[in-house]
Amino acid sequence: LMEAHPGITVDSIIGDKNPGHLYHVPLLMSWFPQAKVIHTFRDPRAILVSEWRKRAPINRRNPFSLSLREIHSLLIICHVTVTWLYAVRLHKRHRRAYPDNYYLIKFEDLVSNPEQSIRDLLRFVEIEFDASMLIPRRFDSSFEHAADSRQGGGFDAETLNRWRDHIKPWMNRWLTFWGGKHLREFGYIT
């Protein structure tokens with residue numbers, strides 16, 4: 001969520017990165033009618049693998065750990081499925097209700113074609129492009145560290161497919177079954 005006014009520089013824009021805001025866009029837009037909502041979106045299978053690897057620890061010494069991990073995995077996949085499908089529904093609702101103030105950007109597009117994606121996003125928020133925007137300052141699982149001389153700065157394209165090495169076949173089938181229509185709609189499967 002961003003609140004900007006014409007003529008204001010990028011340094012003076014107030015933003016808040018909170019995924020929970022997606023559920024309250026109508027209220028936020030009533031408070032901030034000029035706000036710009038930027039919805040980042042990702043393949044649910046990549047989200048699932050990320051959540052599963054973070055939240056389903058395994059203790060090989062405990063015989064109950066494997067069973068607990070499978071139960072935990074089922075809870076995680078149910079949560080990711082429901083929240084992703086609801087995010088799709090909210091996307092469609094917000095796109096209709098706020099065509100000039102709502103923007104969806106797919107993570108995969110941002111990482112695979114950062115310059116075009118950033119230029120499109122900046123047009124939406126009415127900010128001029130600066131090449132330094134292609135080198136993120138943050139370091140996390142989606143970015144390369146700018147100081148890493150081996151690969152340089154910027155976006156790590158390996159994050160796009162890393163999940164494929166870790167997803168269990170049943171998880172992939174589950175998400176394809178429940179979200180197949182939307183996976184096709186967003187270009188995640190053909």
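Modeller: Helices (H or I, at least four residues) and strands (E, at least two) are DSSP runs, numbered from the N terminus. From the N terminus on, the order of elements in the protein is β-β-α-β-α-α-β-α-α-β-β-α, which comes to 6 helices and 6 strands. This is a predicted model, in which local features need pLDDT of at least 70 and side-chain atom pairs count only at pLDDT 80 or more, while totals for chains, interfaces and linings use all residues. Residues are numbered from 1 along each chain as its sequence is written, and side-chain values use heavy atoms, with hydrogens and water left out.

Biologist: Why is His182 called buried?

Modeller: Buried means under 20% relative accessible area, exposed over 50%, and partly exposed in between (1.4 Å probe, protein chains only). His182 has a relative accessible area of 15%, and therefore counts as buried. The residue is found in helix α6 (residues 169–185).

Biologist: Which residues are in contact with His182, leaving aside its neighbours within four places in sequence?

Modeller: Contact means heavy atoms within 4.5 Å. With those neighbours left aside, His182 is in contact with Trp84, Leu85, Val88 and Lys92.

Biologist: Why is Phe32 called partly exposed?

Modeller: The relative accessible area of Phe32 is 35%, so the residue is classed as partly exposed. Phe32 has its place in the loop between α1 (25–31) and β3 (37–41).

Biologist: What makes the pair of Phe41 and Trp84 a tilted one?

Modeller: Rings of Phe, Tyr and Trp (its six-membered ring) pair if their centres lie within 6.5 Å; planes under 30 degrees apart count as stacked, over 60 as edge-to-face and the rest as tilted. A search of the whole structure finds 7 aromatic pairs. In one of them, Phe41 and Trp84 are 5.4 Å centre to centre with 35° between the planes, and the pair is tilted. This pair links distant parts of the chain, with Phe41 in strand β3 and Trp84 in helix α3 (residues 63–97), 43 residues apart.

Biologist: Why are Glu115 and Arg119 separated by about one helical turn?

Modeller: Glu115 and Arg119 are separated by about one helical turn because they are 4 residues apart in helix α5. Their side chains meet in a salt bridge at 3.0 Å, N to O. Glu115 is partly exposed because its relative accessible area is 36%, and Arg119 is partly exposed because its value is 32%.

Conventions. A salt bridge is a side-chain nitrogen of Lys or Arg within 4 Å of a carboxyl oxygen of Asp or Glu.
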